[in-house]
Amino acid sequence: MGSDNKELLTALDVGTSQVRCVVAQLAQERDGAAQAYEVLGVGTAPCSGVRQGVVNDMDATVDAIHNATNGAVAACGCDVTRVVVGISGSHLRFGNGNGSSHLPHQEVLQSDVDHVVHIASLIGLPEETDQLYVEPQEFGVQQGWVRHPVGMTTSWIDAHVHVVTGLHVHIEDLRRCVLRSGIEVQCIIPASRASSASVLTADEREHGVILLDVGAGTTDIAVFADGALRCTGVIPIGGNLVTSDIVQVVHTQTIDAERLKIEEGYALRTLPGVDGTQLLAVPGIGGSASRMIERDYLAMVIEARWREIFLLVLMWLGEAECELAKTMGVVLTGGSCLTPGVAALCSQVMHVQSVRLGAPSYDGLYADVVNNPGFATAMGLLDVGMQKRFMPRRTASQQQWPGKLKSLWSDAMDWLHGEG
């Protein structure tokens, strides 16, 4: 299959334990509906060069990216030259900015919206920090607060926006790994925002929800209310620590601990399937004899770490002053959330009644592969990429922005608006 006459969008999720690449073909608008896409190829590769969302071995990360993209290319026969990349890590920070602009005319134009969002996004940043993502929350006009002010009559406009930033060195390390793989970076998007695009419903965003994307090395948090993103964050702990606990407590190899976690594990000891009389064989280390442990003992080890993860989320929400999040429902996603009992334990620890497991709901080729919580970020990168206006368009004044901020924003705008 060749790549002629295909408008491609490629997502690259560089995770702590795996790299996932999804190549999709954009479809033309039909009957006024938003563009859709068709997944053409999927590639995955184990990754040992990322720790808690941050690159710590360039060569290993480049190899993993190369292997994952090659797998997707082999599946679809299309050349992958540019990718939308997800980023995580505890170096990511968020802030909510405000801006105001007087209008020389009475009707709000798109350029007015772009300008006031730009003003609101210029929150103070440390020198070593780059701005990654800006999302408008609401706009103030003379009639009140609205979400879509274009066309309304007013003499001024205010904006509230959500801004995500990250350390320049970590962003550049990830970018260079992709470039060394022979691929151009179209845009870098926070993983939490990407995952939310693929697993949350419009009602959940409207009425309020906490998304927890639990990967191998990090737990990414996104809080929505009134249809807008309110808080984002990353906790540097994930499913790999559950495996590490099993290794240390049960005294077995990592590969066997991972198998026990996935095939035999429970995250809540009180579940009906947890039988204290049932014994599990645990392979020894270095050729030593296997031994037996009780299933509920394994569940106790797994539950302790998951309980800590949810308590850390509660602590983060409190520190971020996301008070309204305490009464919201929770959506869990990410490859580490497949252990039985995780949702029930989350409900118990975080004191929320509504907890569900979220996965992409793609309908097409490779649906059996990508409709999995582990692909939430990769599929969300495609979804955010489809939203041509997830950032405002560049204006003439934005051409003068300094250094790194101008570069990141301009790269995104060039791609999203067909200038690059």
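Over the ring of which residue does the charged end of Arg 205 sit? The ring is that of Phe 224, with the charged end of Arg 205 5.8 Å from its centre. Arg 20 is placed over the ring of Phe 375 in this way too. A charge counts as over a ring if NZ of Lys or CZ of Arg is within 6 Å of the ring centre and within 35 degrees of the ring normal.

| Charged residue | Ring | Distance to ring centre |
|---|---|---|
| Arg 20 | Phe 375 | 5.3 Å |
| Arg 205 | Phe 224 | 5.8 Å |

This is a predicted model, in which local features need pLDDT of at least 70, side-chain atom pairs count only at pLDDT 80 or more, and totals for chains, interfaces and linings use all residues. Residues are numbered from 1 along each chain as its sequence is written, and side-chain values use heavy atoms, with hydrogens and water left out.

Phe 94 lies in strand 7 (residues 93–102) and Trp 316 in helix 8 (residues 295–319), so the pair ties together parts 222 residues apart in sequence. Helices (H or I, at least four residues) and strands (E, at least two) are DSSP runs, numbered from the N terminus. Phe 94 is partly exposed at 26% relative accessibility, and Trp 316 is buried at 15%. Buried means under 20% relative accessible area, exposed over 50%, and partly exposed in between (1.4 Å probe, protein chains only).

Asp 130, in strand 8 (residues 129–141), is buried, with a relative accessible area of 1%.
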